[in-house]
Amino acid sequence: MAITLDEQLRILRVAVEADISPPSQILVASAEENDGAPALALGLARAFAAAGRSTALLRLDAADQRTGSALGLRLAELKAEYDVCIVEAAHVLESSVALDAARIVDGVILVVGLGRRVRRADRDVVPALTRFGARVLGVVAAEPRRLAELAAAGAHDVHIVGPARSSLRVVLGETAQSPTSAEAHLLLER
Amino acid sequence: MKVAQVKDLLLRRWRPFTVAFLIAALVLNVLAVLVVPTEYAAESSVLMAAGGDHDTPSDATSATKPILSADLPYLATTATVLANVARDIGWPRNPHALVQLMHHIKANLSAPPAGAIALAPGAIVVIRFTGLSSLDSAAGANAVAEEMTRFYHDRATERFSVLTADLQRQVDARRARINRVDAEIQRLTAAAPYLATHDDTHSLSAQYQTLSQERAEVEAAARGEAAAAAVTSRRPAEAELAARREITESDPAYRDVADQFGHDFARLSAVQAQYSGAYPGLPELRHTVAGERQAVQGRRSTLQQKPPALDVGYAAALGEVTRAQSIAAGDAAKLQGLNQVLGETQDRLNAGKSLASRFDDLQRERDVQTAAYGVLSARLAEARADQAQAGSIGSVSVLDRAAYGKPVLYTVLPVRIALALLLALCIAFATIFWLDRREYRMWSVTIVENVYGAPIVATLN
C-alpha cells in the first residue's frame, strides 16, 4: 500500500524532531534552483503546524543585503515566537544569505528532485555547508510530481497576503488548535 | 533491474523508445522482407552399420586411432568432403566459399528415444543442409551424405590404397622394363636372326673355317705360282742371250772378222811365244790384231743392238713369263677376295659374339623381371583383397536421401517480420538504456545518497 504524501511529510517531521527538539530552526535548501525547496519547505511547515507546532516559514531573498548578524537577530526573534521556523533557500551555494542562514539554523535539510541530471553542485553542496559550519541533517529525495502536488496543496493552505514576489518574506504562524488551521495564517513582513 | 525500474524507465523515456522502435522496425522489416531470403532445409541420413567401433578403420591422421561413430558428424565438414560437395552442387571452391558452405551443413548423431532397444550396433548420422530452394537443399544434403560416405570409405581403405598404389607402381615399372627388354630382344633378333639359335653361329664359324682353309690352299698355290713365275721370268733373258749369240754367230761379216781376228791373234801369240820383242813385224801384227779386235767388238755391238724378238725361243720365253704372271696375278686376286670374305666373316663372327652376349644378358634380365613381376602381381592382388575386406568392415552407407527441403521456420516471412519487430523492440530498449546510462541522473535514492554523501532522511515518491 502506497504511503500518502502527508504521511511521508509526517515521517520527515518525526525524523527532524528526532535530531532537533523544538524550538528549532531548519533550513530547507537545494543545490539546484528547481529542486523544489519552496514546496518541501511549505509541506514541512504544514506538517509541523499540523502536529501542533507554531511554525514560521521564512523565505529568504537572494538579494537581501543584510549581514549574518542581522539575519541571526531576526531568526532569534522568530525562534522566541515560534516553535519551529522553516527557512527556505533554493540554490544555497549561490546565495550568501542562504549560507549565513545555514550557519545559523539548527539543521539543514537538502532536497533533490529525482530523475534530474547529476551536476557538480550536487557533489559540492554538503562539503561546502559543512565547511561553513552548517549541520546537514540529510537529504530528501523527492519525485517532481510529488513536489508539484505539494506546491499545489500548499496553495490551498496558505493565503499569501501582499505581493507574491521573490523578495517576499512569508511567516506562517498558526497552531493546529487554531480555528483557522485549515488555512494558514500569514504574516507579511518587509 | 526490477520491473518497476523498467516501467519507470519506459515512462521517462517513452519518446526516444518510440522513435527508436519505429525506426528499427521499419529498417529491419524492410531488410527482412527484401533482403533476407527464405531458406529451406533438407535432411538425409547415413547409417554406420558397424560390428563395433574397434572394427572401424583408422583415421587418416592417426595410424592407431579408429574412427568412432561419434566422429562421423565431424567427417561431414572436413575439407575434403566440403570440396567434393562444392564440386557436386556447383558451389564455388575457394576457401572463403567453403567456409560458407560449412555453415549450411549440420550433421548430428540421431538420438534414440529413451527406452529404445538397440536392434543392431551402429549409428545414424542425420545431415541437414540449408539452401535457398527446396531442391538445392535436397541436393546439398544428398551430396554431403554421399561424399561423407565416400570419404569414410577412402579413409577406411587408405592404408591399403597406399600399398596397392605402391605395388601398382612397381608392377607397372616391371612391366615397362619387360616391354623394353622385349623390344630390345626383338630389335636384336631382327638385326641378327641367327641369334635366335646357336646353330647359326656355329655355321658361321664353320664357314669361317672353310674359308680359312681355302685361303690357305689358295695362298699355297699362289706361292707356287709365284715361284714358277719367278723361274719363268728368267727364261726370256737366257733366251735373249742365246738369240743374240745365234744372231752374232750367224752373221757372215762377223764371222769373217772374227775368223781373221782369230787367225791373226793366233799368229801374234805364236810370234810372241817364239820370238822376242825384237821380231820384225811384231808391232804391225799387234796393231793389226788390235784393229781386228775392235772390228770384231764393233760388229758384235752392232749385232747386239738388233732386237731378238724374231727369235722363236725368246718369244716363247716371253709368252711363258706372261702366262706365269697371269696365273700369279689370278692367284693374288683370288687370295685377296678370300681375305675380304674372311674379314667380313670375321667381323660378322665378332659382331655376332657381342650381340649374342647382349642377347643373353637381355634374356636373363627378362627372366628376372618376369619373376619379379609375378611376385609383385601376387602381392598386389593380395593387397587389393585386403582393401576390399577393409572396405566391407564397419561399412557406412547412405540410409535415406533427401527428396525435398522444407522452409526453415525462422526464415518464413511472417516469422521474419515478427523477429524483426522483436529485434526492433530490443533495439529500442537498448537505446533508452543507453540514453539513461549516458545521462547520469538521480534515478534512485542510492544514487542521491552516493552523490550527496549524506543520508536520506525521507523520500517523497
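Guide: Start with α4(B) and α6(B): they are oblique to each other, as angles under 35 degrees count as roughly parallel, over 145 as roughly antiparallel, 65 to 115 as roughly perpendicular and the rest as oblique. This is a predicted model: local features need pLDDT of at least 70, side-chain atom pairs count only at pLDDT 80 or more, and totals for chains, interfaces and linings use all residues. Residues are numbered from 1 along each chain as its sequence is written, while chains are lettered from A and ligands numbered from 1 in the order in which they are written.

Visitor: At what angle do α4(B) and α6(B) pack, and how far apart are their axes?

Guide: Two packed helices are described by the angle between their axes and the distance between the axes. Axes are lines fitted to C-alpha atoms, for helices over the stretch in contact, with angles from 0 to 180 degrees between N-to-C directions. For α4 (residues 79-89) and α6 (residues 134-156) of chain B, the angle is about 135° and the axes are 9 Å apart. Helices here are DSSP runs (H or I, at least four residues) and strands likewise (E, at least two), numbered from the N terminus.

Visitor: Which residues of α4(B) and α6(B) meet?

Guide: Contact means C-beta atoms, placed from the backbone, within 7 Å. On the α4(B) side, Val81(B) and Val85(B) are among them; α6(B) brings residues including Ala143(B) and Phe151(B). By class, this contact has eight nonpolar, three polar and two charged residues. Ala, Val, Leu, Ile, Met, Phe, Trp, Tyr, Cys and Pro count as nonpolar, Asp, Glu, Lys and Arg as charged, and the others, Gly among them, as polar.

Visitor: How do α4(B) and α5(B) cross?

Guide: Their axes come within 10 Å and cross at roughly 95°, with α5 spanning residues 95-103 of chain B. That makes α4(B) roughly perpendicular to α5(B). Leu82(B), Ala83(B), Val85(B) and Ala86(B) face Ala97(B), Leu98(B), Leu101(B) and Met102(B) in this contact.

Visitor: How many residues of chain B are in contact with chain A?

Guide: 19 residues of chain B contact 26 of chain A. β6(B) gives the most to chain B's side, with five residues. That side divides into 13 nonpolar, three polar and three charged.

Visitor: In which sense does β6(B) pair with β5 of chain A?

Guide: Two strands pair if DSSP finds at least two bridges between them. Here β5 (residues 136-142) of chain A and β6(B) pair in the parallel sense over four bridges. Ala142(A) has Leu460(B) as its bridge partner.

Conventions
Contact = placed C-beta atoms within 7 Å.
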